[in-house]
Amino acid sequence: MKGLYSVLPPFAPDYSGVSSVFFELGGVMVINGADGCTGNVTGYDEPRFYSSTACVYSSGLRELNAVTGDESFIVERLKNEKGKFIALASTPTPAVIGMDQRAIAQKISTELGVPVYHFDTTGTYTYEKGASEAFARIAENMLIDMDEKIDNSVNLLGAIPLDYWNEVQIENIKEALIKRGIHINACWAMGSSLEEIRHSLKAQMNLVLSISALKAAKIMKEMYNISYVIGVPIGRGYSDVVADKIKQNLGSDMEKKEVIKKASNVKKMLIIGEQILANSIRKAVKLEYDIEDIKVASFFHMDKDLMESTDKFIDSEDSFEELLRKSDYDLIVGDPLFKIFLSPTEKKNYVELPHLAVSSRLYWDNYVCYTGEAGMEFLRSSL
Amino acid sequence: MRQKIFSIPITYLKKEVKNRGNKIYPEDALHYCSPSVGGWGVVRVACLVPESVVLFVIPQGCGRHGAIASMMHNYDKQLFYLYMSQVDIVTGEHMNKIDKAVELILSKLEKKPKALVLCCTCTDDLLGSDYEGKARLLEEKFDIDVRIGRMNPIRKESKRPPELMIQKTIYDYLEAVSNEKKDTINIVGSFKGFTPKCEINTILRQAGIEEILHIRNLKTYEEYQKMSRSKYNLLIKPSGKIATKEMKRRLKIPFADVPVAYRIDGIEENYRKIEQLLGRTLEYKKYRRATEEVIQDKVKALGRLSVAVGSTANACPFELARELVERDFYVPYVFADQLLPCDEVHVDWLKENAPYITVYSTMSPTMTLFLQEKKKVDLAIGFDAGYFCSGSKTVPLSLDEQLYGYEGAKILYSRMIEVFEKPQDLKKEMYQSGMVI
């Protein structure tokens with residue numbers, strides 16, 4: 001039955017995605033709802049929150065506000081807050097009562113004189129939808145137009161902890177690209193300040209690391225004619241490919257490299273996860289190994305243009321079970337929680353790749369290096 | 001940015017919070033949700049009903065923290081989620097899907113559960129969905145006891161807040177029986193029964209009590225039903241208040257309000273209240289001297305430490321602060337978001353005897369400034385106190401172990417010593433405890 005979950009926990013919601021994007025940017029993040037909604041974000045979806053002084057708050061919505069249609073309380077409660085901007089994300093309750101987030105945002109902006117970005121998140125969608133809107137809002141509203149360009153430079157778009165990333169993974173990506181002659185301008189949205197992100201138009205290209213940032217990349221192409229490449233540098237071979245693509249887009253002629261593929265006992269492989277990372281793993285594996293049948297599946301949004309014919313969007317636990325039963329996979333890569341569906345024998349052929357939007361704090365300390373030149377090593381012994 | 005951390009001197013606390021329903025946090029501010037706040041949450045409490053399954057009907061965002069916490073504590077096998085889509089919310093279609101969901105859940109399970117906790121959220125409160133009616137229909141259709149749990153934090157400040165109402169729900173399955181009551185006693189409000197070595201077990205048995213019942217220790221639904229035949233209830237945590245009142249009305253079980261105390265006088269007062277409830281004399285006085293001696297030795301060993309007290313500790317925070325001040329510890333900070341009735345008398349005492357105490361609400365957005373200031377004490381009691389006074393040795397005194405009586409007081413001081421001998425990783429401990437707001 002679609003919508004009935006008996007094994008997996010609810011995944012990170014859309015408003016967690018919004019919060020994740022703005023977390024490091026020095027604004028005030030307001031989750032408009034009861035405190036429990038914000039507790040989801042700060043306690044279970046945001047590993048950076050512990051000991052941080054980031055301003056992520058609940059609006060403290062109560063029954064009386066909801067029943068009487070009181071929207072002014074948010075403006076009142078924000079009067080003592082001053083950040084570089086305010087981001088206002090909604091939760092199920094304001095969505096149900098039809099709270100006018102746009103009007104509230106306008107009022108706050110007028111009264112406090114700071115930019116306010118509102119998000120009509122509802123808690124009925126998963127994180128990547130909220131993150132996508134947040135990245136898009138940065139692309140549309142926060143960038144400073146400038147003529148100066150840095151040669152061979154890229155912005156990294158789509159880095160949030162919910163999409164697996166931590167600082168080390170980001171550094172691995174940067175290192176792989178820098179080694180190949182590419183300058184990193186800004187990283188959206190880990191490790192770069194708001195000012196650095198606002199100066200993103202100094203870069204010549206964007207590199208899209210996750211599906212959450214694809215919309216923003218398309219907006220930047222449309223508004224500022226900045227092209228983008230999609231992919232995560234994983235392993236030496238695929239890091240070369242990503243770097244070459246960037247350079248080709250920048251007008252360099254690249255030499256075609258011949259790679260001799262290694263034989264593998266794996267004939268059928270399934271990668272479950274965020275689409276762009278999963279696609280990158282697939283490409284990195286195919287580049288080095290003679291494995292043709294690699295399927296990507298995800299519980300989260302999948303862009304049709306990035307799907308291969310056998311790839312699968314999973315819309316329920318039932319369809320996930322069906323996917324696992326339909327084929328005998330020699331190797332499955334995915335969040336450790338997905339192993340619950342497998343038999344003891346099948347579990348032996350499973351490589352764990354924690355996805356924070358799925359398993360939250362259950363595995364967020366289980367570090368697996370899957371980016372940069374060493375990014376294939378976690379898989380190699382299983383191939 | 002704000003410049004001043006919101007706080008209230010203990011001397012003004014009662015006056016300050018009187019006109020806002022005893023809330024300590026400021027009304028005109030956003031709410032800060034630190035990783036250190038919360039408790040068991042509605043999901044884990046709902047799972048306490050033996051041989052039950054719990055079905056949450058929710059927008060998926062609402063259930064995440066509770067689900068992950070349940071997985072950390074192995075409750076997840078009895079948990080199910082039915083997600084509401086936006087279309088469901090508009091059309092109310094999710095109410096029709098519940099029947100099919102229950103049918104599928106029951107068909108998947110090897111053994112048919114005896115009870116179903118059907119949980120809804122703020123969303124259905126506002127939609128006015130008829131869950132009580134749905135429960136009756138499900139009972140008839142599937143021959144299973146169904147009660148309603150509500151995870152509705154928008155009612156946090158109402159007279160029926162979720163943390164109290166879910167305690168009521170887990171006892172709503174108890175069936176009213178004939179007047180034949182047994183000489184047993186129920187422990188209500190806590191998530192665990194008394195620790196085995198706690199003297200109250202011996203004292204009550206010596207007074208003729210046949211069994212001390214706590215829901216957590218009752219493995220089957222049949223065993224759990226024994227609670228309805230108990231003659232008495234002990235309310236040991238404020239969150240069981242509505243549950244005990246309802247059990248008094250519906251099951252004719254009187255109760256004594258005897259909240260966890262760490263002061264010897266407070267412990268004795270609780271025993272006196274239990275004596276009144278039972279109408280019998282309890283042999284508790286003999287434990288006093290031995291306890292005093294043990295505590296005095298430990299206090300001496302600890303020295304005059306500075307201690308911060310938090311409200312996530314398994315205690316009434318101001319009662320605990322008073323105990324520490326009486327023992328000559330220096331208590332500069334108490335972290336609490338609400339002034340509990342059981343604490344009012346202790347705030348009065350602290351106002352006179354420790355006027356230097358500053359009270360902080362962990363929900364105030366200015367607590368980010370508190371974190372920046374890196375205030376330190378020698379020892380913190382409660383995850384919240386440990387989190388905000390980072391770097392201090394922390395005794396969690398968590399809800400996962402129910403300290404009580406003289407034994408509880410002795411354990412408190414033992415833990416205070418142990419934490420200096422074997423410091424713990426606070427972050428790890430805190431996250432493993434799976435607290436949920």
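Here is a friendly talk about a predicted model with chains A and B.

Trainee: Let's start with chain A. Which domains is chain A divided into, and how many Å separate the centres of domain 1 and domain 3?

Mentor: Good place to begin! Chain A is divided into domain 1 (14-125), domain 2 (153-249) and domain 3 (268-380). Taken over C-alpha atoms, the centres of domain 1 and domain 3 of chain A are separated by 33 Å.

Trainee: What radius of gyration does chain A have, and what would a compact globule have?

Mentor: Chain A has 16 helices and 14 strands, and its C-alpha atoms fill a box of roughly 65 × 55 × 35 Å along the principal axes. Because chain A has 383 residues, a compact globule would have a radius of gyration near 21 Å; chain A agrees with that, at 21 Å.

Trainee: And chain B, what is its radius of gyration?

Mentor: Let's build up to it. Chain B contains 19 helices and 15 strands, and its C-alpha trace spans about 65 × 60 × 40 Å along the principal axes. For 437 residues, a compact globule would have a radius of gyration near 22 Å, so chain B agrees with the rule at 22 Å.

Trainee: Which helix gives the largest share of the side of domain 2 of chain B that touches domain 3 of chain B?

Mentor: First, the domains: the assignment for chain B gives domain 1 (8-33 + 292-432), domain 2 (41-171) and domain 3 (182-278). The centres of domains 2 and 3 of chain B are 27 Å apart, over C-alpha atoms, and 13 residues of domain 2 are in contact with 16 residues of domain 3. By class, the domain 2 side has 7 nonpolar, 1 polar and 5 charged residues. The largest share of that side, 7 residues, comes from helix H8 (residues 162-171) of chain B.

Trainee: What feature does UniProt place at residues 40-418 of chain B?

Mentor: Over residues 40-418, chain B is 44% helix and 16% strand, with the end C-alpha atoms 25 Å apart. The UniProt record, an unreviewed entry, gives this stretch the feature "domain: Nitrogenase/oxidoreductase component".

Trainee: Which strands are at the edges of the open sheet of 6 strands in chain B?

Mentor: Read the strand order: S1-S13-S12-S11-S14-S15 of chain B, with mixed pairing. Each edge strand pairs on one side only, and these are strand S1 (8-9) and strand S15 (393-395) of chain B.

Trainee: Which helix packs on that sheet, touching S14 and S15 of chain B?

Mentor: Strand S14 (residues 379-381) and S15 of chain B pair in the parallel sense over 3 bridges, and B:Ile381 has B:Val395 as its bridge partner in S15. The helix touching both strands makes about 145 degrees with the direction of S15(B); it is helix H18 (residues 405-421) of chain B.

Trainee: Now for the two chains together. Which element gives the largest share of the side of chain A that touches chain B?

Mentor: Between the chains, 52 residues of chain A are in contact with 54 residues of chain B. Elements giving two or more residues to the chain A side include strand S1 (4-5), helix H2 (35-45) and helix H3 (63-68) of chain A. That side divides into 24 nonpolar, 20 polar and 8 charged residues. The largest share, 9 residues, comes from H2(A).

Note on methods: Residues numbered from 1 in each chain as written. Chains lettered and ligands numbered in written order. Predicted model: local features only at pLDDT ≥ 70, side-chain atom pairs only at ≥ 80, totals over all residues. Domains from an automatic or database assignment. UniProt positions renumbered as here; feature names shortened; annotations may be inferred. Helix = DSSP H or I, 4+ residues; strand = E, 2+ residues; numbered from the N terminus. Pairing = 2+ DSSP bridges. Contact = placed C-beta atoms within 7 Å. Axes fitted to C-alpha atoms, helices over the stretch in contact; angles between N-to-C directions. Nonpolar A, V, L, I, M, F, W, Y, C, P; charged D, E, K, R; others polar. Rg over C-alpha atoms; globule rule 2.2 N^0.38 Å.
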